[in-house]
Amino acid sequence: MASPEIEALTQALARLPGLGPRSARRAVLHLLKKREAAMGPLLAALSAVDERLATCGVCGNVDTTDPCSICADQRRDARALCVVEEVADLWALDRSRLFPGRYHVLGGRLSALEGVRPEDLTIDMLVRRIEAGGIDEVVLAMNATLEGQTTAHYVAERIERFPVRVTQLAHGLPVGGELDYLDEGTLAQALRARRPVG
């Protein structure tokens with residue numbers, strides 16, 4: 001049996017996404033075994049982030065600076081703006097290094113069941129950014145869920161009065177996917193979004 005402190009550490013790690021009790025125990029054992037090489041740097045990194053954590057006042061990203069490193073990067077195309085639901089979506093898209101522009105995090109998605117209304121999201125802040133000018137394209141990168149698509153439709157309606165091109169991420173067949181294994185919603189979206197060959 002572990003001491004109460006080690007057990008508390010295990011339980012704290014087990015609450016993290018992707019880690020259950022077994023994975024948390026393995027992580028704790030690794031930290032204890034490699035105390036000098038693993039635990040010290042982890043504690044230092046956690047402490048540094050905890051002291052400097054900030055939400056970007058421009059886009060809503062989470063970083064250790066405000067504005068965040070993406071908004072402060074002068075090499076980014078300020079004319080292209082990608083709107084996402086959550087910070088995790090921003091990080092996933094930015095990891096691909098395929099979008100050269102800037103981002104806007106809504107902080108969630110519209111959901112009648114969960115009681116999330118437009119005023120609960122940063123849609124008004126997005127409208128003000130577009131209204132300020134300098135943006136040519138807004139990419140709506142919401143998840144392919146009913147709530148995500150409802151949010152995308154609402155945002156598109158709110159910004160339709162501005163002279164910006166509004167685009168949306170393509171949905172449909174994944175690369176390497178086999179038709180037999182795909183659900184009906186994915187197949188239906190792929191058929192609706194079909195395009196000419198060649």
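Colleague: Which residues in helix 1 meet residues in helix 2?
Modeller: From helix 1, the residues are Ile-6, Leu-9, Thr-10, Leu-13 and Ala-14. They meet Pro-21, Ala-24, Arg-25, Ala-27, Val-28, Leu-31 and Leu-32 in helix 2. Contact means heavy atoms within 4.5 Å, and helices (H or I, at least four residues) and strands (E, at least two) are DSSP runs, numbered from the N terminus. This is a predicted model, in which local features need pLDDT of at least 70 and side-chain atom pairs count only at pLDDT 80 or more, while totals for chains, interfaces and linings use all residues. Residues are numbered from 1 along each chain as its sequence is written, and side-chain values use heavy atoms, with hydrogens and water left out.

Colleague: At roughly what angle do the axes of helix 1 and helix 2 cross?
Modeller: Roughly 125°, and the axes come within 8 Å. The residue ranges are 4–14 for helix 1 and 21–33 for helix 2. Axes are lines fitted to C-alpha atoms, for helices over the stretch in contact, and angles run from 0 to 180 degrees between N-to-C directions. Helix 1 and helix 2 are therefore oblique to each other. Angles under 35 degrees count as roughly parallel, over 145 as roughly antiparallel, 65 to 115 as roughly perpendicular and the rest as oblique. The crossing of these two helices is right-handed; that is the term if the near helix is turned clockwise from the far one by less than a right angle, and left-handed if anticlockwise.

Colleague: What about helix 2 and helix 3, at what angle do they pack?
Modeller: About 110°, with the axes 6 Å apart; helix 3 covers residues 35–52. Helix 2 and helix 3 are therefore roughly perpendicular to each other. His-30, Leu-31, Leu-32 and Lys-33 of helix 2 make the contact with Arg-35, Ala-38, Met-39 and Leu-42 of helix 3. By class, that contact of helix 2 with helix 3 has five nonpolar, one polar and two charged residues.

Colleague: Is Ala-38 buried or exposed?
Modeller: Ala-38 has a relative accessible area of 17%, so it is buried. Buried means under 20% relative accessible area, exposed over 50%, partly exposed in between (1.4 Å probe, protein chains only). Not counting residues up to four places away in sequence, Ala-38 touches His-30 and Leu-31.

Colleague: And what does Arg-25 count as?
Modeller: Partly exposed, because its relative accessibility is 45%.

Colleague: Other end, then. Which residues of helix 6 meet helix 7?
Modeller: Ile-123, Asp-124, Leu-126, Val-127 and Ile-130 in helix 6 meet Tyr-154, Val-155, Arg-158 and Ile-159 in helix 7. These residues divide into seven nonpolar, no polar and two charged. The axes of helix 6 and helix 7 (residues 146–159) come within 10 Å and cross at roughly 40°, which makes helix 6 oblique to helix 7. Helix 6 passes helix 7 in a right-handed crossing.

Colleague: Which residues touch the most other members of the largest nonpolar core?
Modeller: Val-83, Ile-130, Val-138, Leu-140, Met-142, Val-155 and Ile-159, out of 18 residues. A nonpolar core is a set of buried Ala, Val, Leu, Ile, Met, Phe, Trp, Tyr and Cys residues joined through side-chain atoms within 4.5 Å.

Colleague: Which elements give two or more residues to this core?
Modeller: Strand 3 (77–84), helix 6, strand 5 (137–140) and helix 7. Helix 6 gives the most to this core, with four residues. Apart from this core lies another, of 15 residues, among them Cys-56, Cys-59, Cys-68 and Val-139.

Colleague: Backbone now. Which residues does a cis peptide bond join?
Modeller: Asp-66 and Pro-67, with omega about 5°. Pro-67 lies in the loop between strand 2 (62–63) and helix 4 (69–72). Most residues other than glycine have a negative phi, and most peptide bonds are trans.

Colleague: What is phi of Arg-97 near?
Modeller: Near 60°, a positive value in a residue other than glycine. Arg-97 is in the loop between helix 5 (87–95) and strand 4. At 72% relative accessibility, Arg-97 counts as exposed.

Definitions and conventions: Ala, Val, Leu, Ile, Met, Phe, Trp, Tyr, Cys and Pro count as nonpolar, Asp, Glu, Lys and Arg as charged, and the others, Gly among them, as polar.
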